[in-house]
Amino acid sequence: MAKCINRSGLIFLLLLQILFAEKAGATYWCLTGRSPGSVTGNVSYGSSINWSQPNRSIGSDDLYSKASVKSGEISKYLEDKDFSFSIPSDATVSGVVVYIERKADAGSDIRDYSIRLEINGSVVGTDHGTGNSVWSSTEGVYQYGGSDDSWGLTLTPSDVNSSTFGVLDRKST
């Protein structure tokens, strides 16, 4: 029996460490919450399980992107990108936080399989998909990464400002 994954509202929050020259040695944090400008539900990398209505992951509005997977199956990546950041070129990107609003059908054993960053069409950085926690049937917002978690990358403002900078999200049973 196929189990349904429901995902709404990828809220992408980028934490920046910006050093200002006029305050020598001072560190300031800039929090910028953005929703993706572009969503694709068919980024394969070896899977045939599509997400239906992928554009529904753009906002937190109780409309869902969905994928139905059977036991042992893995979904395609749901790709969210083009966050329209405008980070100053002299900023230091010290961490990336991704918040995902999600829920699963009651009684299903949906798990994170892979949560990765994407730059210029390439899957990059540390995989934050745990595979351990079964999704709840109650909607919730879950955090991946942190203010000092660079996902194993040295990200530049140019990387993050690019329309090809995104998050790839893949699920399994």
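**Exercise 1.** Determine whether β6 is mostly covered or mostly open.

*Solution.* Of the 13 residues in β6, 10 are buried, so the strand is mostly covered. Buried means under 20% relative accessible area, with a 1.4 Å probe and protein chains only. Strands are DSSP runs of E with at least two residues, numbered from the N terminus. The model is predicted: local features need pLDDT of at least 70, side-chain atom pairs count only at pLDDT 80 or more, and totals for chains, interfaces and linings use all residues. Residues are numbered from 1 along each chain as its sequence is written, and side-chain values use heavy atoms, with hydrogens and water left out.

**Exercise 2.** Identify the strand that pairs with β6 over 7 bridges, and its sense.

*Solution.* The partner is β9 (residues 140-146), and the pairing is antiparallel. Two strands pair if DSSP finds at least two bridges between them. Within this pairing, V98 stands opposite Y144 of β9.

**Exercise 3.** Describe the largest nonpolar core.

*Solution.* A nonpolar core is a set of buried Ala, Val, Leu, Ile, Met, Phe, Trp, Tyr and Cys residues joined through side-chain atoms within 4.5 Å. The largest one has 18 residues, and V98, L117, W151, L155 and V160 have the most contacts inside it. At least two residues each come from β6 (92-104) and β7 (111-119). The largest share, 4 residues, is that of β6. Another core, of 5 residues, lies apart and includes I49, V69, I110 and W135.

**Exercise 4.** Find the ring that R102 lies over.

*Solution.* R102 lies over the face of Y142, 3.7 Å from the ring centre.

Technical notes:
Buried < 20%, exposed > 50% of the residue type's maximum accessible area, 1.4 Å probe, protein only. Lys NZ or Arg CZ within 6 Å of the ring centre and 35° of its normal.
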